[in-house]
Amino acid sequence: MLFGPSEGPHVFRDVLETLAIISLLVFVAIAVPNITTVFGLLGGTCVMFCGHIVPALTHLKVSGASWRDPHTYLSSLLIAIGLSMGLIGTVSNLYLNFLR
């Protein structure tokens, strides 16, 4: 399940999760006038996670070291760069599509 462990049938929770996801999708479909905006945000987010954050987090997990360990400074730096690039990309995409 999306929220919490799956311990038997929880029909009410499943219905609430489904309604929340559908409501979010309907809101985005109504609020965003152009689909390219959504594609830009999703593309930027996926590139940030797949190219920067997931490899660095994988290295930290496999090495078993803390993020404060000197051997993992480059991984921590890659995470910081990925987060900053994702933030800059999101802000620029929103600026170009909504505030301009």
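**Ground rules.** I am working on a predicted model, where local features need pLDDT of at least 70, side-chain atom pairs count only at pLDDT 80 or more, and totals for chains, interfaces and linings use all residues. Residues are numbered from 1 along each chain as its sequence is written, and side-chain values use heavy atoms, with hydrogens and water left out.

**Cysteines.** I looked for disulfides (a pair of cysteine sulfur atoms within 2.5 Å). The count came to zero. Cys46 is in no disulfide; its nearest cysteine sulfur belongs to Cys50, 5.8 Å away. I then checked Cys50, which is in no disulfide either, with the sulfur of Cys46 nearest at 5.8 Å.

I looked up exposure next (buried is under 20% relative accessible area, exposed over 50%, partly exposed in between; 1.4 Å probe, protein chains only). Cys46 is partly exposed at 45%. Cys50 is exposed at 60%.

**Helix H3.** Helices here are DSSP runs of H or I, at least four residues, numbered from the N terminus. I found Met85 in helix H3, residues 73-99. Met85 is partly exposed, with a relative accessible area of 46%. I also took the C-alpha separation of Met85 and Phe39: 17 Å, at 46 residues apart along the chain.

**Patch.** Phe98 also lies in helix H3. Phe98 is partly exposed, at 40% relative accessible area. With Leu94, Tyr95, Leu96 and Leu99, Phe98 makes a nonpolar surface patch of about 510 Å². Patch residues have over 30% relative accessible area and no salt bridge, and nonpolar side chains (Val, Leu, Ile, Met, Phe, Trp, Tyr) are joined within 5 Å. A salt bridge puts a side-chain nitrogen of Lys or Arg within 4 Å of a carboxyl oxygen of Asp or Glu.

Methods:
Helix = DSSP H or I, 4+ residues; strand = E, 2+ residues; numbered from the N terminus. Patch = residues over 30% accessible without salt bridge, like charges linked within 9 Å, V, L, I, M, F, W, Y side chains within 5 Å. Areas by Shrake-Rupley, 256 points an atom, 1.4 Å probe, with all protein chains shown as cover.
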